[in-house]
Amino acid sequence: MNLASLWCLDPSVIYLNHGSFGACPSAVLEAQASLRMEMEREPVDFLVTVLPSRLDGAREALAAFLGAAPEDLVFMPNATAGVNAVLRSLILGPGDELLLTNHTYAACRKTVDHVASRTGARVVVAQLPFPCRDDEEIVSSVIECVSPRTRLALLDHVTSPTALVLPIARLVNELLTRGVDTLVDGAHAAGMGDGGYSMRGYPLLPAFYMLCLLGVAARVFTLEPRLAVAGIVILATGWPLYRLGHRLFGGAPGP
Ligand SMILES: Cc1ncc(COP(=O)(O)O)c(C=O)c1O
């Protein structure tokens with residue numbers, strides 16, 4: 001089967017950059033257009049009555065795919081919004097440290113810098129070896145940057161500039177034993193590998209996924225005591241929505 005024919009991509013172009021600006025398969029675009037038409041026919045009924053149960057259904061299907069509990073998943077506009085939701089909700093003070101790596105995605109690095117500049121927190125950048133010989137090198141380069149003031153580590157599961165797959169489960173556990181929460185930027189990670197991507201066994205893992213333009217924030221709730229406003233990006237009509245799983249979905253969806 002010619003998989004490329006499932007996309008609307010120009011056949012004269014060999015399109016490889018599904019990371020930065022991924023295209024959607026035609027079937028996804030058609031489903032999206034039909035949903036939009038359904039909404040436009042009766043916006044109030046769609047947004048108030050139909051949408052919540054559709055979101056619940058989508059969350060259940062996605063949870064089964066990711067190996068997560070549906071109530072741990074929240075839809076976000078994209079991975080960057082999810083990372084912003086957590087970072088900009090952290091309660092930080094001068095001298096607190098935010099740990100990331102020199103391979104962190106640029107937009108997320110900018111968010112860390114912004115949050116640090118507003119709170120007086122310090123940004124600590126672990127230098128990942130590249131090329132690297134084994135997981136050990138990666139783990140020790142991150143762990144040696146942990147201090148008693150480290151409040152959160154932001155780690156990419158798959159690094160954008162270098163395509164390294166970090167040993168994320170091990171890193172999350174190692175950091176947790178040192179009392180450090182990890183925010184995993186999981187863009188690209190869902191669906192990779194033979195066994196898919198399972199969230200089971202991750203003790204404390206806010207994560208974000210990107211599946212043909214799908215953004216999901218997961219398990220942010222475990223961090224809630226340390227967040228000021230539980231990760232709201234846009235506070236709008238939909239707030240407050242008390243049902244678990246809707247709490248980051250503060251605004252009415254755009255067209
Ligand atoms: C590691 C990583 N994080 C975040 C993003 C941003 O994704 P989005 O544009 O969906 O926010 C990318 C995009 O390439 C990425 O590679």
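Tutor: Let's start with D96, which counts as buried because its relative accessibility is 9% (buried means under 20% relative accessible area, exposed over 50%, partly exposed in between, with a 1.4 Å probe and protein chains only). One thing first: this is a predicted model, where local features need pLDDT of at least 70, side-chain atom pairs count only at pLDDT 80 or more, and totals for chains, interfaces and linings use all residues. Residues are numbered from 1 along each chain as its sequence is written, and side-chain values use heavy atoms, with hydrogens and water left out.

Student: OK, so what does D96 form a salt bridge with?

Tutor: With R149, and the closest N and O atoms are 2.9 Å apart. A salt bridge here is a side-chain nitrogen of Lys or Arg within 4 Å of a carboxyl oxygen of Asp or Glu.

Student: Where do R149 and D96 sit in the chain?

Tutor: In distant parts, 53 residues apart: R149 is in the loop between helix 5 (135–143) and strand 4 (150–156), while D96 is in the loop between helix 3 (79–87) and strand 2 (97–101). Helices (H or I, at least four residues) and strands (E, at least two) are DSSP runs, numbered from the N terminus. R149 is partly exposed, at 38% relative accessibility.

Student: How many salt bridges are there in the whole structure?

Tutor: The search finds 10. One of them joins E137 and R133, with the closest N and O atoms 2.8 Å apart. E137 is buried at 19%, whereas R133 is exposed at 72%.

Student: And what about E174 and R170, how far apart are they in helix 6?

Tutor: They're 4 residues apart in helix 6 (residues 168–177), so about one helical turn separates them. E174 is partly exposed at 24%, and R170 is partly exposed at 31%.

Student: Which residues are linked with them in a network?

Tutor: E136 and R178 join R170 and E174 in a network of salt bridges.

Student: New topic. Which peptide bond is cis?

Tutor: The one from F130 to P131, with omega near -5°. P131 lies in the loop between strand 3 (122–126) and helix 5.

Student: Why bring that up?

Tutor: Because most peptide bonds are trans, and most residues other than glycine have a negative phi. On the phi side, A163 has a positive value, near 55°. A163 lies in the loop between strand 4 and helix 6 and is exposed at 56%.

Student: Now the inside. Which residues have the most contacts in the largest nonpolar core?

Tutor: That core has 19 residues, and those with the most contacts inside it are L99, V142, A153, L155, L166, L171 and L175. A nonpolar core is a set of buried Ala, Val, Leu, Ile, Met, Phe, Trp, Tyr and Cys residues joined through side-chain atoms within 4.5 Å. Strand 3, helix 5, strand 4 and helix 6 each give two or more residues to this core.

Student: What is L99 in contact with?

Tutor: Leaving aside neighbours within four places in sequence, its contacts (heavy atoms within 4.5 Å) include V124, V142, L152, A153 and L175.

Student: What other core is there?

Tutor: Apart from the largest one lies a core of 15 residues, among them L90, L92, V112 and A116.
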